[in-house]
Amino acid sequence: DFDADCKITFDLNFDKPKLTLGDIRKLNIDEIPDFDLLLAGFPCQPFSIAGYQQGFNDEKGRGNLFFSITDILKAKKPKGFLLENVRNLETHDEGNTFKAITNMLESKDLGYFIKYKVMNSSEYGNVPQCRERIYIVGFLNEETTKAFRFPDETDLTVSIKDFLESNVDEKYYYNNKPLYEKIKDHVTKTNTAYQWRRIYVRENKSNVCPTLTANMGTGGHNVPIIKDKKGIRKLTPRECFNLQGFPKDFKLPKIADSHLYKQAGNSVTVPIIEKIAFGMKTAMLCTERNEVRQKE
């Protein structure tokens, strides 16, 4: 990653390996040790409904980071990969962008066999966040790809209140602050998440939290709002990490809240990734066992 604050959070939670800071576009691929699986979430802003949907032509160059990933795949040829992006990737530019991506992954140069699926965190991860993302899984072995299965949909057995902190600092409350007068008549229910959309309040009527975004840290209006016994407030960084499925013992460093909000919004939903990873491991082991039987 090239975000120094991400390194602080990562290194706080994992002894090794430490997170390497750097620009993937300037990475010397020859210096990367051989590995079996590549995990990547190339920037979603160029393809997001919430953005300008510029795709590969994104003026900041974020869309082209996908090609840095394919360069690594081509050079290192890991056994498999998992890529994640916004749901809109599949329909961007009338499907042409996604077709170009899948064609490249399945090309003779790379040689992967792929499967993909759009999943909502609230429907597949048992976390109360409406977060639709597309997941692309690929293997060099076609039989492994055939054996791989994405997780099944599961019932949502928890609610927003299960992910909230009990003792929240006053700084997160809007009581007696300028915004309070604009939202007090609209934020009326508990266990319901709201969003302040600059000029109006939007209620999430499905009783789940709206999609957590990276720009929560660049302006308070994007941080979901709730009402509790003490008043109206925004979610804390810890609660945002909770709603991404991070375990309770995951440590948050003492850095600016804006950086933590950004990290939570940029993250993947942990339980979904865990399920996909289990499916990938199962498929790879199944293929290995079959290959052993054939040799006997």
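Modeller: Cysteine 130 is partly exposed, at 29% relative accessibility; that class lies between buried, under 20% relative accessible area, and exposed, over 50% (1.4 Å probe, protein chains only). Bear in mind that this is a predicted model, where local features need pLDDT of at least 70, side-chain atom pairs count only at pLDDT 80 or more, and totals for chains, interfaces and linings use all residues. Residues are numbered from 1 along each chain as its sequence is written, and side-chain values use heavy atoms, with hydrogens and water left out.

Colleague: Which residues have the most contacts inside the largest nonpolar core?

Modeller: Cys240 is one of them, along with Leu212, Met216, Leu235, Phe241, Leu243 and Tyr261. The core has 21 residues. A nonpolar core here is a set of buried Ala, Val, Leu, Ile, Met, Phe, Trp, Tyr and Cys residues joined through side-chain atoms within 4.5 Å.

Colleague: Where does the largest share of this core come from?

Modeller: From α8, with three residues. Both α7 (237-242) and α8 (257-266) supply at least two residues each. Helices are DSSP runs of H or I with at least four residues, strands are runs of E with at least two, and both are numbered from the N terminus.

Colleague: Switching to charges. How many salt bridges does the structure hold?

Modeller: It holds 14, each being a side-chain nitrogen of Lys or Arg within 4 Å of a carboxyl oxygen of Asp or Glu. In one of them, arginine 87 meets glutamate 132 at 2.5 Å, N to O. That pair links distant parts of the chain, 45 residues apart: arginine 87 is in the loop between β2 (80-86) and α3 (96-105), and glutamate 132 is in strand β4 (residues 132-139).

Colleague: Which residues are linked in a network?

Modeller: Glu181, Lys184 and Asp185 are linked by salt bridges. Within it, the side chains of lysine 184 and aspartate 185 meet at 3.4 Å, N to O. Aspartate 185 is exposed at 57%, while lysine 184 is partly exposed at 28%.

Colleague: What does aspartate 228 form a salt bridge with?

Modeller: Arginine 233, with the closest N and O atoms 3.0 Å apart. Arginine 233 is buried, at 1% relative accessibility.

Colleague: Now the second largest pocket. Which residues lie nearest its centre?

Modeller: Asp228 is among them, with Leu164, Ile226, Lys227 and Lys229. The lining has 16 residues: four nonpolar, five polar and seven charged. Strand β7 (residues 225-228) supplies the largest share, three residues.

Colleague: What volume does that pocket have?

Modeller: About 270 Å³. On a 1 Å grid over the protein atoms alone, a pocket is an open set of points where a 1.4 Å probe fits, with protein on both sides within 12 Å along at least five of seven lines; lining residues have an atom within 4 Å of a point.

How values were computed:
Grid points are joined across faces, edges and corners, and a volume is the space filled by probe spheres set on the points. Ala, Val, Leu, Ile, Met, Phe, Trp, Tyr, Cys and Pro count as nonpolar, Asp, Glu, Lys and Arg as charged, and the others, Gly among them, as polar.
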